[in-house]
Amino acid sequence: MARTLRDQLPAAGSAGRGWIPPGTHPDPRPPDEADVVVVGGGVVGWSVAYWLKVLEGRRRHGMRVLVVERDPMYSRASTVLSAGGIRQQFSLRENIQMSRFSASFLRNINEYLGVPNEPPIDIQFRPGGYLFLASPQNAAALEATVQLQRDEGAQVTLLSPTQLKEKFPWMNTEDVAVASYGLEDEGWFDPWTLLNAFRRKATSLGVQSCSGEVRAFVTSTNYMMSSAPPSARIKYVHVSVHMPDSLEYQPVACAIVVNAAGAWAGKLLEAEGLPRGLCQPPLPIQPRKRYVFTWHCPNGPDLSCPFLIDTSGAYFRPDGAAGNYLGGMSPPEEEEPDASDLSVDHDYFQEQIWPRLARRVPAFESLRVRGSWAGYYDYNTFDQNGVLGPHPRLENLFSAAGFSGHGLQHAPAAGRALAELVLMGRYETLDLRRLGWDRLLDGEPLQEHGVV
């Protein structure tokens, strides 16, 4: 494992260019140097930055952490374009544990992210629970998964079709063999509020941020004669300071780089200056476009409606006032839409999602579509799980990406875990070693069956 940050930095140093007061825009230019450069200012990146400052201890001048975000208005950011859910119902032990940590974090969010003299944080959490429906073919797998969730302390119950009908009379239970229903710490909340809370708190602790894109690196191999070094260190991060076509950049000297670039985390490791031979295997993270549609149905399920995942893969939940809903569905692998932009295919709702929803909820036959948007999953094509931890050959590069749609809800846990690795060289709160690079090198996926 890579050396910790404490091993790599001097005990003292300049304080950099100072911290950005809460509520201000990112600095237009990065500093000349930082101890840690976090590439990506979504909720995962800001969580990493926040936990680095919280856990750093009492170093004399404090750690200089820089967050680089290429989309400061967050117009294309996965965080704010998500459906905002949190659940315990995963099939992988590590994901369940991260969800439970994050649920506790969100429940006590003002103790963590509250800023003195600012209003309390309200993430508008709705404890509606998740409801997974299983067909007869998938019933046994769902029941086994629920047992794992219960072993980890999650409050999840199994419902028969009769019990489903009694609890949710608006539902057609035909073809449902069993359902799992989260009783605690599941629901949905406002993603922007969480992102902004992390950003403001981290900034108040001294984290700097800048608008720009990391396009190149300088590594130790640039100074070596060997044609095939076994490893390398990143010495400088090149941050473009005028987007999108300018060639002007600012080199930032650094000790640690954190790849929290979300859907573009795989692309980042193709940047100029990184030795190609050391970047194998490639980081299998790609942007996958996902549509979210909103609709109105005055006779639809009431506000006690859960976040429902249908046997077909379609999902929906209430959205604000009674009669309003949002939902979507991930397409099959062979039908992935073009991810080069965030345009919405409205026929996808009419032809694919609506028939499935109306079959499950007959009242939805008369729904009226109100709006739509598209966002990105940072989709790990290898096993749909996050890649967390140090790179095997780039000694001071850490990854926190590839969560395949559950990055928002796992951000508090993933951020703390990565900060522990950077600072202490080991996991202390949750043991997430299986989410590291070894499984990519060994070709042994950790499949998560609960990707929605």
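## Terms and model

Buried means under 20% relative accessible area, exposed over 50%, and partly exposed in between (1.4 Å probe, protein chains only). Helices (H or I, at least four residues) and strands (E, at least two) are DSSP runs, numbered from the N terminus.

This is a predicted model, in which local features need pLDDT of at least 70 and side-chain atom pairs count only at pLDDT 80 or more, while totals for chains, interfaces and linings use all residues. Residues are numbered from 1 along each chain as its sequence is written, and side-chain values use heavy atoms, leaving out hydrogens and water.

## Helix α3

Let's start with α3, which covers residues 93-107. Its 15 residues reach 21 Å from the first C-alpha to the last, close to the 21 Å expected at 1.5 Å a residue (the expected span is 1.5 Å times one less than the number of residues). The helix is mostly covered, with 11 of its 15 residues buried.

Which residues of α3 are buried? They are Glu 94, Asn 95, Ile 96, Gln 97, Met 98, Ser 99, Phe 101, Ser 102, Ala 103, Phe 105 and Leu 106. A contact here means heavy atoms within 4.5 Å.

## Helix α2 and Trp 46

One of those partners, α2, has 13 residues and a first-to-last C-alpha reach of 18 Å, close to the 18 Å expected at 1.5 Å a residue. Because 12 of its 13 residues are buried, α2 is largely enclosed by the rest of the structure. The buried residues are Val 43, Val 44, Gly 45, Trp 46, Ser 47, Val 48, Ala 49, Tyr 50, Trp 51, Leu 52, Lys 53 and Leu 55. After the helix comes Gly 57, with a positive phi near 85°.

What does Trp 46 touch beyond its neighbours within four places in sequence? Its contacts are Gly 41, Val 67, Tyr 74, Leu 195, Phe 198, Arg 199, Ala 202, Thr 203, Val 207 and Ser 209.

## Two nonpolar cores

A nonpolar core is a set of buried Ala, Val, Leu, Ile, Met, Phe, Trp, Tyr and Cys residues joined through side-chain atoms within 4.5 Å. The largest one holds 57 residues, and Trp 46, Leu 52, Leu 113, Leu 194, Val 258 and Leu 388 touch the most other members. Helix α10 supplies the largest share of this core, 10 residues. Apart from it lies another core of 31 residues, including Leu 66, Val 68, Ile 285 and Trp 437.

Ala 414 sits in α10 and is buried, with a relative accessible area of 0%.

Setting aside neighbours within four places, Val 38 meets Gly 45, Val 48, Val 65, Leu 66, Val 67, Val 68, Val 258 and Ala 260. Between Val 38 and Ala 141 there are 38 Å, C-alpha to C-alpha, and 103 residues in sequence. Over in strand β16 (residues 368-380) you will find Asn 380. With 0% relative accessibility, Asn 380 counts as buried. Residues up to four places away aside, Asn 380 touches Pro 284, Ile 285, Asn 385, Val 387, Gly 402, Ser 404 and Arg 439.

## Backbone features in the loops

Where is Pro 281 found? Pro 281 lies in the loop between α8 (265-268) and β12 (285-296). A cis peptide bond joins Gln 280 to Pro 281, with omega about 0°.

Gln 124, in the loop between α4 and β4, is a non-glycine residue with a positive phi, near 55°. Gln 384 is not a glycine either, yet its phi is positive at about 60°. Gln 384 belongs to the loop between β16 and β17 (387-390). Is Gln 384 buried or exposed? At a relative accessible area of 11%, Gln 384 is buried.
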